[in-house]
Amino acid sequence: MTDTSMEEDLKQAISHNAFQINWMPVLETATEHVVAFEALVRWNRPGVGNIVPDIFLKLAEKLTLIENIDRWVLHYTCQAAQNWEKPLGLSVNISPSWLETERVSKTIESALLASGLAPSRLQIEFSEQGNFGPSDLSRKELSRIRALGVKLVLDDFGTGSQALERLIDLPFTQIKLDRKLIHRIGKDSRVDTVVRCLLHLAHSLDMTCCAEGVETEEQLGFLDAHGCEEIQGFLIGRPAIAMPFDRPSNT
């Protein structure tokens, strides 16, 4: 099939909200309790099957339609989290490519008001690899989001060329260490040193840290010993469609 056909299918999916959310647990290392879930958007393209998120999300950015997907995800997941029996945290990925429109904070505020979800339960993740647009506009918009009482996470930390600049200039509350670093813990002493330094850097800036892609007890032990507050990865669970404790329906 041609790229054009994928574009048309994606536009149809957006118009019908034909996406699915998978939930990835976040574990607090100190207690080994699940404290939050990250919402991962998925698309099952008719006649083709599941499309890799990087592919359809980048296509949506190219078509300037990513805002539509992010808006649906925000509203859907905030309402879902409000219905959980336990008031755990909710983490939602947003593309930084539309920060410059200065509509992100208003969209988040709208989703919070519509769902009744407490802002303190929500954190928004922006990938370090994304295009944040003009620094003055992104800084103002991220500050507006923080003012709502929402946490901000710099995702995929350690993979881009502007990581330190964004830590200095933008009001993030957490960094999420990329899985490429985590997979080399215990195998490369230089990586071990880098991860220890990144954790120290985050804490020195009064930020917390989450490590993604944790698959072994050795990795968990290292991260716990060096103060990484949260982890994600197959060691604790894979993304799932159903939540383990959705509030029973009244119907």
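This is a predicted model: local features need pLDDT of at least 70, side-chain atom pairs count only at pLDDT 80 or more; totals for chains, interfaces and linings use all residues.
Biologist: Let's start with Arg 144. Why is Arg 144 called partly exposed?

Modeller: Buried means under 20% relative accessible area and exposed means over 50%. Arg 144 has 36% relative accessibility, so it counts as partly exposed.

Biologist: Where is Arg 144 found, and what does it touch?

Modeller: Arg 144 is found in helix α5, residues 135-147. Not counting residues up to four places away in sequence, Arg 144 touches Glu 102 and Ser 105. As for Leu 167, it is 23 residues from Arg 144 along the chain, and their C-alpha atoms are 17 Å apart.

Biologist: Now helix α3. How do you know what span to expect for α3?

Modeller: The expected span is 1.5 Å times one less than the number of residues. α3 has 17 residues, so 24 Å is expected, and its reach from first C-alpha to last, 24 Å, is close to that.

Biologist: Which residues of α3 are buried?

Modeller: Among them are Ile 66, Ile 69, Trp 72, Val 73 and Leu 74, along with Glu 67 and Asp 70. Being buried, each of these has under 20% relative accessible area.

Biologist: What makes a group of residues a nonpolar core?

Modeller: The members must be buried, be of the nonpolar kinds that count, and be joined through side-chain atoms within 4.5 Å. The largest such core here has 71 residues, and those with the most contacts inside it include Phe 19, Leu 90, Leu 122 and Leu 223. Helix α3 supplies the largest share of this core, eight residues. In soluble globular proteins, nonpolar side chains tend to be buried together.

Biologist: What is Leu 223 in contact with, leaving aside its neighbours within four places in sequence?

Modeller: Leu 223 is in contact with Ile 182, Ile 185, Val 195, Ala 211, Val 214, Cys 228 and Ile 231.

Biologist: And the largest pocket: how much space lies in it, and which residues are closest to its centre?

Modeller: About 1200 Å³ of space lies in the largest pocket. Of its 40 lining residues, Pro 53, Asp 54, Leu 57, Asp 155 and Asp 156 are the closest to its centre. Elements giving two or more residues to this lining include β2, α2, α3 and β6.

Biologist: How do the residues of that lining divide by class?

Modeller: The lining of the largest pocket has 15 nonpolar, 11 polar and 14 charged residues. Asp counts as charged, so Asp 54, Asp 155 and Asp 156 fall in the charged class.

Key: Residues are numbered from 1 along each chain as its sequence is written. Side-chain values use heavy atoms; hydrogens and water are left out. Buried means under 20% relative accessible area, exposed over 50%, partly exposed in between (1.4 Å probe, protein chains only). Helices (H or I, at least four residues) and strands (E, at least two) are DSSP runs, numbered from the N terminus. Contact means heavy atoms within 4.5 Å. On a 1 Å grid over the protein atoms alone, a cavity is a set of points where a 1.4 Å probe fits but cannot get out, and a pocket is an open set with protein on both sides within 12 Å along at least five of seven lines; lining residues have an atom within 4 Å of a point. Grid points are joined across faces, edges and corners, and a volume is the space filled by probe spheres set on the points.
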